[in-house]
Amino acid sequence: YGADALRFTLLTGGTPGNDVKLSTTRLEANRNFANKMWNAARFVLSNLGDHDLSLTTEKSGNPHLTYALPNLASLSLADRWILSRFESLASEVTRLVEGWQLGEAGRQLYDFMWGDYCDWYIEAAKVSVNEGTPDQAQATRQVLAYVLEQSLRLLHPFMPMVTEAIWQNLPQIGGNLQDADKALMTRSWPQPTGLLNSAADETFARIQEIVRTVRNARSEYNVEPGKRIAAQISAGEHAPALAANRAVLASLARLDSASLDIRDELPAPAQAVTLAVSGVTIYLPLAGMVDLEAEKKRLQKEIENLEKQIQRISGMLNNPGYVNKAPAELVEKERVRLVEFQAKHQQ
């Protein structure tokens, strides 16, 4: 599984005073975590390409150069959100490490890197890099590199080998392992930057909830993963913020941007799935998601199958010979199944 996966598992798998039961399942999960970081770093490096990044001297007095923060005016909502999330993470991890709560510190790093950075921010960053203005694209590249490099510093005590290997490949600051002055462990621990942004946190969290809800609906109606669907969003006071981030919303939820309608108030259309989340109402027209005739046929077939099951079980339970002779637990199990089938039939 690798030395880093073992080290991270031991650090995060137990609590002080308790024995640790070593789990190969956790070892495998943490090996996958190392792979996740490696693949994320490959994506970041491929998007940095030949673009020069702004550098600055570390604030701690350390003479080394590091990635500078970009011009805040050029940042997208996702950029401001990930910088705010990292600021909160760095502060909390520092507190936990100083209190020797290494397991919780490692778990928070895992959640941030896998969830916030890889699953959400990188996907949102693709919109700015590919569709934004040159200034917006460059600002996002700067944030991608900055957060990755600073996160590697926090993770280095937990997973020293993979973080060093990734860091050595970072453009403009990574170096040769034989040069002790160009090693990750010589860099300073991340310092506060004052980039906490509650407004960005709240707005992006609303986008995340909308995306999760739409994804769940797509899964429930068996919509092809690559298919883009129409959507109408009645967002009230949140409409301006959502409209400003329609490209990210459409990309993450696989919505058809041309058919995405975001307004303060919208009437409910006919034959549409209605979803309510975070003070926003979302309408997904069924015609754009499924073949209505095919869906009717599928539902009719399911209804017929349920009716057969209900009829079969009802016949058994109405038969005194079966009820009196069969084990009581088996009879009760059939009664429970009958209730479940009837409820599903009614639904």
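**View 1. Ser278 sits in the loop between β5 (272-277) and β6 (280-285).** The model is predicted. Ser278 is not a glycine, yet its phi is positive, at about 50 degrees. Its relative accessibility is 32%, so Ser278 counts as partly exposed.

**View 2. Arg254 occupies the loop between α9 (246-253) and β4 (255-263).** Here too the backbone is the point of interest. Arg254 has a positive phi of about 55 degrees without being a glycine. The relative accessible area of Arg254 is 30%, which means partly exposed.

**View 3. Tyr117 is a buried residue of helix α4 (residues 102-131).** The relative accessible area of Tyr117 is 0%. With neighbours within four places in sequence set aside, the residues in contact with Tyr117 are Val44, Ile82, Phe112, Ile122, Leu144, Val147 and Leu148. Leu148 is 31 residues from Tyr117 along the chain, and 8.4 Å separates their C-alpha atoms.

**View 4. Gln168 lies in the loop between α6 (160-167) and α7 (198-220).** Gln168 has 14% relative accessibility and therefore counts as buried, the cut-off being under 20%. Its side chain makes a polar contact with the side chain of Glu164, at 2.6 Å.

**View 5. Helix α11 (residues 292-317) crosses helix α13 (residues 328-346).** Two packed helices are described by the angle between their axes and the distance between the axes. For α11 and α13, the axes come within 9 Å and the crossing angle is roughly 150 degrees. Angles over 145 degrees count as roughly antiparallel, so α11 and α13 are roughly antiparallel to each other. The crossing of α11 and α13 is left-handed.

View 6. From α11, the contact residues are Glu302, Ile303, Leu306, Glu307, Gln309, Ile310, Arg312, Ile313, Ser314, Met316 and Leu317. From α13, they are Val331, Glu334, Arg335, Arg337, Leu338, Phe341, Gln342, Lys344 and His345. By class, the residues of this contact comprise nine nonpolar, seven charged and four polar.

How values were computed: Residues numbered from 1 in each chain as written. Predicted model: local features only at pLDDT ≥ 70, side-chain atom pairs only at ≥ 80, totals over all residues. Heavy atoms only, no water. Axes fitted to C-alpha atoms, helices over the stretch in contact; angles between N-to-C directions. Helix = DSSP H or I, 4+ residues; strand = E, 2+ residues; numbered from the N terminus. Parallel < 35°, antiparallel > 145°, perpendicular 65-115°, else oblique. Left-handed = near helix turned anticlockwise from the far one by under 90°. Contact = heavy atoms within 4.5 Å. Nonpolar A, V, L, I, M, F, W, Y, C, P; charged D, E, K, R; others polar. Buried < 20%, exposed > 50% of the residue type's maximum accessible area, 1.4 Å probe, protein only. Polar contact = N/O pair within 3.5 Å; in protein donor to acceptor, adjacent residues only side chain to side chain.
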